[in-house]
Amino acid sequence: MRRFYPGQEFLKYFKEKTEGRPELWDQTYELFYDFTKGRCDFFDVDVVKCIKFHCYMIQGSRTRKAIPLDEADLYYDCFKSFLKLAYEEGTLSYDLCEELY
């Protein structure tokens, strides 16, 4: 199994973890990819970025419509599940989910 560490591509790791999972994980990955404009390393991921991601889904952007709150919450919960998995595997050094709403 390939390991990723801080300074390497967070998005590559996220994409690998979507394989074999429900489509919701792929959709969440695509939203996060769009949010980060395809650039996100492990050291970029913190509580503020996670909250901004949730806001991005709710508020929309110039290129994407806003997502209804209940749907955005579903994607955000999926994203938090991914973060928890990354922590449990030892890829993230701390559990961001403990600080997220």
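A charge sits over a ring if NZ of Lys or CZ of Arg is within 6 Å of the ring centre and within 35 degrees of the ring normal.

**Entry: a charge and a ring.** I opened the model, which is predicted. I looked up R21 with that definition in hand. Its charged end sits over the ring of W25, 4.5 Å from the ring centre.

**Entry: aromatic pairs.** Next I looked up pairs of rings. I found 19 aromatic pairs in the structure. I picked Y13 and F42 from them. Their ring centres are 5.7 Å apart. Their planes stand at 55 degrees, so I noted the pair as tilted.

**Entry: where Y13 and F42 lie.** I traced Y13 to helix α1, residues 10–18. F42 is in the loop between α2 (23–36) and α3 (47–59). The two parts are 29 residues apart in sequence, so this pair ties them together.

**Entry: buried or exposed?** I checked Y13 and found 1% relative accessibility. Buried means under 20%, so Y13 counts as buried. F42 has a relative accessible area of 4%, so I wrote down buried here too.

**Entry: another partner for Y13.** I went back to Y13 and looked up F82. These residues also form a tilted aromatic pair. I read 5.6 Å centre to centre and 50 degrees between the planes. F82 lies in helix α4, residues 69–88, and Y13 in helix α1. The pair ties together parts that are 69 residues apart in sequence.

Methods:
Residues are numbered from 1 along each chain as its sequence is written. This is a predicted model: local features need pLDDT of at least 70, side-chain atom pairs count only at pLDDT 80 or more; totals for chains, interfaces and linings use all residues. Side-chain values use heavy atoms; hydrogens and water are left out. Rings of Phe, Tyr and Trp (its six-membered ring) pair if their centres lie within 6.5 Å; planes under 30 degrees apart count as stacked, over 60 as edge-to-face and the rest as tilted. Helices (H or I, at least four residues) and strands (E, at least two) are DSSP runs, numbered from the N terminus. Buried means under 20% relative accessible area, exposed over 50%, partly exposed in between (1.4 Å probe, protein chains only).
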